[in-house]
Every structure is written in structure tokens, then in C-alpha cells.
Amino acid sequence: MAYLPVGIVLGCIYALSASGLVVTYLTSGIFNFGHGAMGMFMAFLYWQLAVGWGVPWPLAMLIVLLVVAPLFGAAIERSLMRQLYNASLAVQLVVTLGLLLFLLYLADGIWAPTITRRPPDIVPGNFHLFGVSVTWYDVLVLAVSVAAALLLTAFFTRTRAGITMRAVVDDRELAARAGASPDRTAQLSWVLGSFLAGLAGIMIVGGRLQQLDQLNLTILVIYGYAAAVVGRLRNLRLTVVGAMIIGLAQAYAVGYLPVNLLTNLGPVIPIIVLFVALLFIPHGRLATARFGGKTRRLTGLPLSLGGAAAFVLGAWVVSGLLSGGDMIYFGRGLAFGIVFLSLVLLTGYGGQVSAAQMTFAGLGAFFMGKLFGGDSIGGLVAAFVVPAAAGAVLAMIVLRLRGIYLALATVAFAYMMDNLFFNKQLGVGGILKVGRFAVDSQRAFVVEIAVVFAVCAVAILALKRGEFGRRLAAVNDSEVACASLGMSVTGTKVMAFTLAAGVAGLGGALFGGWQHVVSPNEFSWLVSLTVLLIIAIGGLNTVAGAFFAALFFALGPVIQQHLGDPLGIPNLQGLLVGLGAVSLGRNPGGIAGYLADAGEWLRARRSHAPPTQEQVPEEVRVRVAG
Amino acid sequence: MSLDSADLLEEAAPAIELIDVRAGYGRVEVLHGVSLAVERGTVFALLGPNGAGKTTLLNTASGFVRPTSGCVHVAGFHCNDVAPEVLAKAGVASITEGRGVFPNLSVSENLRVFTHAGNESYAAVQERAFDRFPRLGERRNQLAGTLSGGERQMLAMCRAFATEPAVLLIDEISMGLAPMIVHGLYEVVRQLAAEGLTILVVEQFAPVALSVADAAAVMRLGNIVATGKPEDVAASLSEAYLGAAS
């Protein structure tokens, strides 16, 4: 009984957050991964007004919820989301993930985490109801949530704007034919979503949270995603039910689970609900995640071997020029390059979005360090095999998921592994020693990493040219068509996940060897997301993209040192990653895509201009039209 | 340039006029210079075999496909680059094949969305709709997705009531419906035209459409191959169809 109010209040907050997510997703068709970060940002703004600048709290709340949040939602829709409505799911995903990172690091930059920030105590005191202690704040949250639910229902059934919103959900084109502007309606849904995210964020900080913390707040609002998935991303009533279940489960876990189990399981409960809901709740429309990059010509074996040799040579030469910190960044970039390569195979070629690649890298580092003395070839083999096996298992579990559901499931997997494996095995803040195979000097090890990168790149290009690559591309294009041709969609997907996880494991092991020690936070879900975004910026469907991503990653600390610190921006690289990902809406091919476009343009200029409308033969036109 | 229903009333130009319009999708041109005029208050039947470009023509007139050359005039106004929702507000109601209603909205809610299109009030549109189609009045709280095919077409045609006067573009009324119901719907088309509405119907099911039309045209391979009075067009019809089939 004592835990009932806590559970209900948590449920209410999750419901607020989740309904905002559902409203924007339904109306604009974009699942906003940045929803949680928007809530966090609004909560911080509220704190800044109410505590930082001493504005009376009701006024601060009104300003944030009725002015800032709606304007922010409208601006995001206009500047970013509007160009994404016809983009592939994966680009939408990367852009909203970029929004998440951008807001997170922006908030980190504005409100330095070194100070403890306490939310204003707006309705102090408590009372007893049937022997249970209830705070007045609990009552406020409940009242606000019920009011929000009633208003939302009325909005969607009674007002013209609300009915139009449902009409746009039903049939976007028909809504335009009936004179409703789909763009303006979608914008309204972002305004509403931003408002609800802000409301959820502010409600969290008011009562349960003792201090404001960027990451915690974001995660708390993200917990609402689980509720949204229970509602199948379309049913608001089921969403509220899901939110209540999660809130109550969390509250009662605090009350009844033994302490040692609780510290492990407590924060993961919503994520477990999310994972289970993803697996067992039937989904409606399933779309395949495709990166909108153009189809590129295949790279032949001689070219890829030549490129690989040049790469290793280049790494050897560059490593001779570098020393100290720059050398460390260089090696780190190379090791991460291998993880980027794994994503080129899985997400770029295969269209399977994985936001858990650093988890596999972490497993690689872990088994490299733990098995066969920590520096042997056996360890390196284990660093490939064990993560590969883990990847195969994950693939079999999440097999039927696609698009955002798959991405959510991998995020959930990464988050669970953070809390249940890495934090436990390495200890929170703990470290694990990882050795190097065969060589010891910095320069020799850089060359070793470069060789592994080159071998993986050549292998991945060979896979792409071969039968497996064609199968992967076919599955990416249409699973239904593949299945109807008698191809094993399952086998292809599992294989892609397995190989990618193995390659990521290798990267992790070399990364560990490079640093000598690893700690859990280097493999957290947030790093996995960052890695996914960086490779998307580099260019997801080309090996060259992995190279650019590695370069960007290596240069990150240098940029920070020379640009971020003088400007007083603590995590400039994170901000840049967020910004870059957000800009992908215009250019899904990333940096590699730009360069390839430029190359093709040059080639076309040298040979002849591309055919224009007038040059299409009459015969072709007639055949298509008739 | 302003474009609203008042202008539609005053102007004397044809309700819809296409002059040497070329349009298509990407590099593929579908309409190779089509000219056509629909006079106000008349029913115009556009006939032709599959893939003749009828739907593309309709989508060009309703603003969903931008012409690459030529002119689209609605009530005498040049409308080449006008957004579909703006055209809809000016009185061009287009009903596409098999998707004229919002299935998850009730009948009254559908009408409410339709009133976006014009300056008629929701109450007035509802009254006219239920007056014209009593069956819809009986089912006003039912989800449109649960209506029968004929009832759905009726509901879709209520879009015309939101603007006064209106141009109604209908793609394939007969699609998937029983002949009895098709006859009924064309009876409605005839009545609406008698009330002053301009209607352009695209149809493969030629005889019924011709029986209510004031003028007609036949399309083939992206060109208009015959145009004129319904009885003249009927004569050249078989040639167009058989020619395309070879």
C-alpha cells in the first residue's frame, strides 16, 4: 500500500511523456527519440527561471510550458522534421537521435554538472490517507495528469484541429485534398508533443528527484517510451495503462525486492518492460529501415586491396609524425574505425539499425582482457567469437522487429547490459586491464590496429560483392519479396548481426589494448548511440564512411582542445555529432556520400552530361505512359 | 493573386481549363500536351483505357502533380504552382479512387474535416449532406471505415458541399461497386450538376458516365484523342480502346 502513491505518480509522469510521443508519432509519422531530451531541457529551463533567476514558480512554469516549449516544438518541426516526412525511417531515426545528443550536450554545456541543482519545492507538506503518506505534490501530479488526459481526449474528439489531426493520421493525402494543411497539422502535433514532454520533465523534477541531472532526467522521460510501445504507438488509452504498469512495477520493486537485487534491477525495470513489450505486442505497419544513400558502384578486389595497403602504410607514416596525446587520439580513432565498419555491414548494407554496437565492443574488450592471459591471439579470437555469439542471440530474439522497434530494442539491450553486466563485472567506476597481442610499442600497435581495420574492410567489401552481400541488399529492399523467393530472411539477418558483433568485438579488444585499461562508461548505451550517429555522418553505406567517421572521432579531442575549451564549450564533439546527425535530413549519404556525388559529377562532366527530360527517347515515354 | 470561392462565382471563364499541359513523374512524361475545358455547371466525362493518363490529369488539375509546361486554370486563374490544400479551399474537391473518406473518423467527423475546404459552416454542410443522403444521417456516429462502398462514395461526395460553388473531380466512381449502386451515384452526380456544381468524372465504365455527361473526352497514351458531345465521343470510343489493346 505504502508504495501506491509513488507508483501512481511515476505512472502519471510516464503517461504524460508517452502520450506526447504518441501524438507526434501518429500525426507526423516521426518517432522522436529526442522527446526525452526535450523534456529534460524544459525542466532545466524551468529550474533556471524559478531558482536561477528567482521568477515566481507559477510564472516560470507558464513561461516554459506555454511559450518556450510550444515555440521550440514548432521550430524543430519547421527546421528539421518537415524535410524528413518522406525520408527513410533510418534517416528519421538518426536525426531525432542527433536531437537527443545535441540537447543533452547543450544542457551539459549550459548547466555544468558540478553544481547541485535542487528543484523549487512548490507544494510542500504531506497528509495521511488510509495510513499511507501522500505528499501534496503527488496530488498535484495526479490532478495535472488527469486534466491533461481529459483535455487531450476533448481536443481529439471535439475540436476541429484535433479531428483534423486524426484525419491527417488516417490519410495524409486525402486531408490535403479536403483542404487541411498536413504540414501545419504536423507542426501542431510537434507543439503538443513538446508541451507534453516539458510537462513530464517539470513534473518529475518537482517531486521525486532530489536534484537535476541531465542524463537521469532524459532517461526518466525515455522510460515513457516503454509505455508508448505498450500502446503500440497509436493507442493513447493503452499507453496510459502501460505507463501505470511501469510506474507501479518500479515503485513496488523498490519496496519488495531484496536490496542487492534492487540496485541491479531497479533502474532497468522500464527497459525490461520495453524489451518485452517490443517482443510480444503485435505491431501494425512495419517498414524497413533504409538509409537513403544512393546505390554506389561496387569496389573491386584490386582496388580494395590497394586501398587497404595504402591505408596501413598511411597509418604507419602518420604514427611516425605523432606523439603524446595526438598519438593516443589517433590510435583510438583507428580502433573505433573497426566498430564503425561493423555498422557499415549491419546498418549500411543490411538496413538493420543497431544502437548496441559498443556493447559488443565492450564484450570484446572484456574477453580479451579476461581470457588466455589478456594479450594472446586466443584472446583476440575470443574477442571476435564471444560477441559474435552474443550478436547471434540478440538477433534471434529481436528477429521480427524492424525500423524504430529494432532500434528501440537494441537501445534497451545496450542499457540492460550497462546495468546488469558492465557495471557489475567491471564495478561502477572500476577498470579492467586489457593487454596487446604480439607487439608492445605504440607505433607497432597502431600498425596492428590499422592492419585489422584493413583486413575487416577488405572482407566486408568482398562480402558485399559476393552472394551474401546480394542477399543482404535484397533483405534490406524487401523482406516479403525475399521470403516469397524462398530465401532465408532469418538466416541472413542473424548472420549480419553475428558478423557485425564479432567485428565490433575485435574493435573493442584493440581499443582496450590501446588504452591498457577500460571502464564501463566507455561502452554505455550513450556511446553506442554516438557511434551510430558518427558513422551515419561519415556515410553509412560505404567503407570510406567508416574511415571518415574514424577520422572525425580521432580529431574530436583535438577540436575540443583548440576550439571547444577556448570557447568554453565542454563537449563540443558531442554537440557537433548531434548537429551533424540533424543535418543528415538534407544529405542522407553523409560525408562519403558528398564525396561520391562529387566524384560522379566530375566523371559525368568529363564524359557527357546526364540525359535531360528532352533526351529520354520517345519510345520509352510512350511505353511507360501506355 | 487571390483565389477564393467568391472569384469562382463571378468569373465567367470555364471552371477548369488545361492548355497544352505536359506533366509526369520524374523523367517520365505522362501527359504530352493535353488541352481540355470544363464549363461551369456541367458534367464532363473523361474516358480511356488503363494507363491513358486520366488520373494524372486529375491530379494535375487538383495540384498534386505540377505541370512541366502549359497552363492549368481554375476559374480563369493561373494555378500551375498552387498547393493542393489551397486549391481545395478555393473549391476544387478531388475524390481519388477508393480513398475518399477517413476510415477511423465518424461520419460527422469526416464532414467536419471536409469543412476545412470552404467557407460554409459545419452545420450547413452537415445539413446539406444529411438532406441529400439520409442514410448518412442515420449513421452519423458510425466510423466511416465500417460503411458500405456506396455509402463511402456518398460521404466522399459530400466534400462538394463545403464550397459554394465547387468543382468536383471524381476518379472512378464505379470502382468495386455493384452496377445498381453505380447508377444511383450517377443519379446523384446528375442532381448535383443540376444544382450548379461542376463535375469532372474519370471513368472506365463508359456507358453510365456518358449517359449523364454534358461533354466528354477520350484519352489514350497521354493524349486526348476525341472530345465533344457524349454521343460523338461514344462513336470513337471503341477505336481508342481497341487501339490501346493491340
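Analyst: Domain bounds come from an automatic or database domain assignment. In this case, chain A is divided into domain 1 (4–280) and domain 2 (301–318 + 327–561 + 568–588). The C-alpha centres of domain 1 and domain 2 of chain A lie 32 Å apart. This is a predicted model, where local features need pLDDT of at least 70, side-chain atom pairs count only at pLDDT 80 or more, and totals for chains, interfaces and linings use all residues. Residues are numbered from 1 along each chain as its sequence is written, and chains are lettered from A and ligands numbered from 1 in the order in which they are written.

User: How many residues does the contact take from domain 1 and domain 2 of chain A?

Analyst: Two residues are in contact if their C-beta atoms, placed from the backbone, lie within 7 Å. Here the contact takes 31 residues from domain 1 of chain A and 33 residues from domain 2 of chain A. Helix H4(A) gives the most to the domain 1 side, with 15 residues. Helices (H or I, at least four residues) and strands (E, at least two) are DSSP runs, numbered from the N terminus.

User: How is a pair of packed helices described?

Analyst: By the angle between their axes and the distance between the axes. Axes are lines fitted to C-alpha atoms, for helices over the stretch in contact, with angles from 0 to 180 degrees between N-to-C directions. The axes of H14(A) (residues 324–349) and H18(A) (residues 442–465) come within 10 Å and cross at roughly 15°. That makes H14(A) roughly parallel to H18(A) (angles under 35 degrees count as roughly parallel, over 145 as roughly antiparallel, 65 to 115 as roughly perpendicular and the rest as oblique).
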